[in-house]
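Biologist: Please take a close look at one helix pair and its surroundings. Keep it brisk, and give me the cut-offs as you go.

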Amino acid sequence: MSAGATLSAGAGKEPLLAAHNLTKAFGELRAVSDVSLSFFPGELVCVIGPNGAGKTTLVNLLSGRLAPDAGRIVFAGGDITRLAPHDRVRLGLGRSFQITSIFPGLSVAENLAIPVLARMGRAAAPARRAWKVPGVAESVRKYLDEWQLADYGPLPAASLSHGSQRLLEIAVAMAGEPRLLILDEPTSGLSLAEKPEVLVHLRRLAARAHATMVLVEHDMDIVFSLASRIVVMHQGMVLADGAPEVIRDDGRVREVYLGAALEAAPSQRRERAPGPAQALLTVRGLEAGYGLGRVVQGVSLTVHRAEVVALLGRNGAGKTTTLKSIMGLVRPSAGEVELAGRRLTGLAPHRVAAAGIGYAPEERRIFAELTVRDNLAVADQLARRNHQRSRPRLWPIDQVYALFPDLARLAHLRGDQLSGGQQKMLAIGRALMGNPEVLLLDEASEGLAPPVVRMLGEAVARIRAQGVSILMAEQNAAFAGTAADRLYILEKGRVQFEASSAELGASAEILHRYLAVAGGEARASGATP
Amino acid sequence: MVQNLLFQGLVGLTGAMYLWLIAAGLTLIFGVLRVLNFAHGSLYMLGAYFALSASLWMHQGFWPALAVAAVGVGVLGVLLEVVFVRPIYRLAIAYQLLLTFAFVLIFNDAVKMVWGPLYQAPPMPAGLGGSVVVLGRPYPVYNLFILLAGVVVAAALWLVFDLTPWGRAVRAAASDREMAAALGVNVPRLFSQVFGVGAGLAGLGGALTVPMQTVSPGMGENVVVDAFVVVVIGGLGNLWGAFVGALLVGLLQAYGTLFVPVFDLALAFIVMAAVLIWRPAGLFGRSG
């Protein structure tokens, strides 16, 4: 079926980009295995597949960030297999990254000026004189308006919220006016409210005849509403390739990917243990921010022993800063953090960790050059010290491996050889290794394929079953609803609402008001429409 | 002719080990703390003076003098890190350069005040003097000892950094200090220790060169330039790269003297320039 669909999509046309028998292995792991694909002018191809299927590796091979072990890549009639990334960009093959990669120190406008200058062949123009190059200021203004970033033009890119930084990154990639643009999870990190906005931009771009796009994406709504063709990857190989209707009806695809999401996710919530709940982590009147901005403006919350609590809110609501302030990575300007009656406010991060708080950050922050095993072992000393203080060691390495069997299989790989989803598991496993009483999970479900989200839900339940409390920051209301006992909704740095997850699920009005999601649409981010 | 070439290779390897002993600490400190320590040459010089004083003033033997130099300079390094370097991690790198350059000036004058401006030639340690015939020509025993010392230091560093929990924590902190702290690593203390180890290596390097050359103020400056070349070729912050870079520069200098004596001083710099053009992050550095 795949051959027929491909032929009809590109009937009579030369492919703009063609990969022939691409293979790339990391040690024993064949991340991409004998993949042949063609992309035709004007197509919008979505690449989907479970975490670790090899999507990001494929993108890295196409964009030149990685060199293939075998195979050829042909772009616009020329062999580019050995070409450096910047030479490919010059030929018109652009890409964006799964992890936000803009220049944080430059202003938003300057970030946009870089591709504009590069297109004019003036990449080396000194930043100060860039604006004097004819046409630059006009082009940049056009892109600022187009992406609704005009208000932020002079601000440093680092000051934007995570979501706006993603928008800027896509805008920067577009500003290069590539002939083919590869977008690696352009909506990861965006809230449900922000996703449609990006979608509108992508649609408009797709409508332009000359733009050809390859999109790696987990959100099935986006995939099925945008794609002219869908490529499904599984274990490094192309499992299926065809029009959306064909893919939707493909039995194998349903089995390995969509099928898992279509089954109703069983509720992982369990009844809380009877008896009076004991407050473990208490946050009172927390205020924190960067520079002049007050990102967190008086957050108070409580996490009880063996309780899973979710902080819900849009990008920029202050969720991450709240977690970082608890961890001691951001110094709060006011307020208090207490763990089992012990004051943690103002302590250095390693002391907070020693007190019993573990942290798995949104960006994963895996030690790239350490093996998976060494990444886990970094927290080993911490666990030993805590163990000596008569806290039983709940998460020795074999328990972590039992929780995430993938990590045991990949133990000898370097951290940067893991896929995004595997790195999420490693970040959580690594935090558990320190034997925390409270685990802080920042956007744990973000960017994960539906089956993995379900697995994460099970992992959360098992962690909690061991008596560890979890405080998670989430944008995925559906995941938070099934995994958490209680939720706080954050907006503009304040707690706006507190409820049990059952109460919140029933209140479509609250969901709509604070998260801009209609209650009926609250669903696992990967469910098919 | 073949013997000649081999002998020159031995000379090159010895030179390489002298370079490696100095470059190791420099690249270690940069790799972990991201501090480019201009004063590394001064620490090397202090190591030489510490060893000299231990043998001349305190009438200690060679081995205790080595220990005095390595430990003494290491402790000094910890003090420098805690008092001066720690407050400026947050500032731009220019401040680090200014600060460590100030150390160079201060230590040079301090050395003149304490030990005088004159060249001093210390005694050769017992048992390591004299020479043996290698490849048909006499070769100083002490140079063979340096070859061994370089390999021992390399092996020791590899063991410590790759196989001990402390080394693992250092590598983690080098990669992401905030995340390491969130996993319970006491990063400020670790940084002091690493600076101390790096300084101690400089001190050891200085002490080891003592029997073979005169000790004088300013002896660090010449050496630190060569060490920088080695470290840049290998990739700033990469220990293995510094080892290979030292071998490359050492051999180049030895064979350069043999074949193109006019250029032998420039050769290392030409190689460095070539590496910077082709692989700006160094042979073993990671780009980006």
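Modeller: A crossing is left-handed if the near helix is turned anticlockwise from the far one by less than a right angle, and right-handed if clockwise. This is a predicted model: local features need pLDDT of at least 70, side-chain atom pairs count only at pLDDT 80 or more, and totals for chains, interfaces and linings use all residues. Residues are numbered from 1 along each chain as its sequence is written, with chains lettered from A and ligands numbered from 1 in the order in which they are written.

The pair is helix H2 (residues 40-56) and helix H9 (residues 219-234), both of chain B. Helices (H or I, at least four residues) and strands (E, at least two) are DSSP runs, numbered from the N terminus. The axes of H2(B) and H9(B) lie 8 Å apart, at an angle of about 130 degrees. Axes are lines fitted to C-alpha atoms, for helices over the stretch in contact, and angles run from 0 to 180 degrees between N-to-C directions. H2(B) and H9(B) are therefore oblique to each other (under 35 degrees is roughly parallel, over 145 roughly antiparallel, 65 to 115 roughly perpendicular, the rest oblique). Their crossing is right-handed.

Which residues meet? From H2(B) come His40(B), Gly41(B), Ser42(B), Tyr44(B), Met45(B) and Ala48(B). Their partners in H9(B) are Met219(B), Gly220(B), Glu221(B), Val223(B), Val224(B) and Ala227(B). Contact means C-beta atoms, placed from the backbone, within 7 Å. By class, this contact has seven nonpolar, four polar and one charged residues (Ala, Val, Leu, Ile, Met, Phe, Trp, Tyr, Cys and Pro are nonpolar; Asp, Glu, Lys and Arg charged; the others, Gly among them, polar).

Ala48(B) also touches Ala207(B). Other contacts of Ala207(B) include Gly47(B), Phe50(B), Ala51(B) and Leu66(B). Ala207(B) and Ala51(B) are among the residues with the most contacts inside the largest nonpolar core, which has 174 residues. Such a core joins buried Ala, Val, Leu, Ile, Met, Phe, Trp, Tyr and Cys through C-beta atoms within 7 Å. Buried means 20 or more other C-beta atoms within 10 Å of the residue's own; exposed means 12 or fewer; partly exposed lies in between. Helix H1 (residues 2-33) of chain B gives the largest share of this core, 16 residues. A second, separate core of 71 residues includes Ala19(A) and Leu202(A).

Now the chain contact. It takes 17 residues from chain B and 23 from chain A. H6(B) supplies the largest share of chain B's side, six residues. That side has ten nonpolar, three polar and four charged residues.

Conventions. Two residues are in contact if their C-beta atoms, placed from the backbone, lie within 7 Å. Lists of a residue's contacts leave out its neighbours within four places in sequence.
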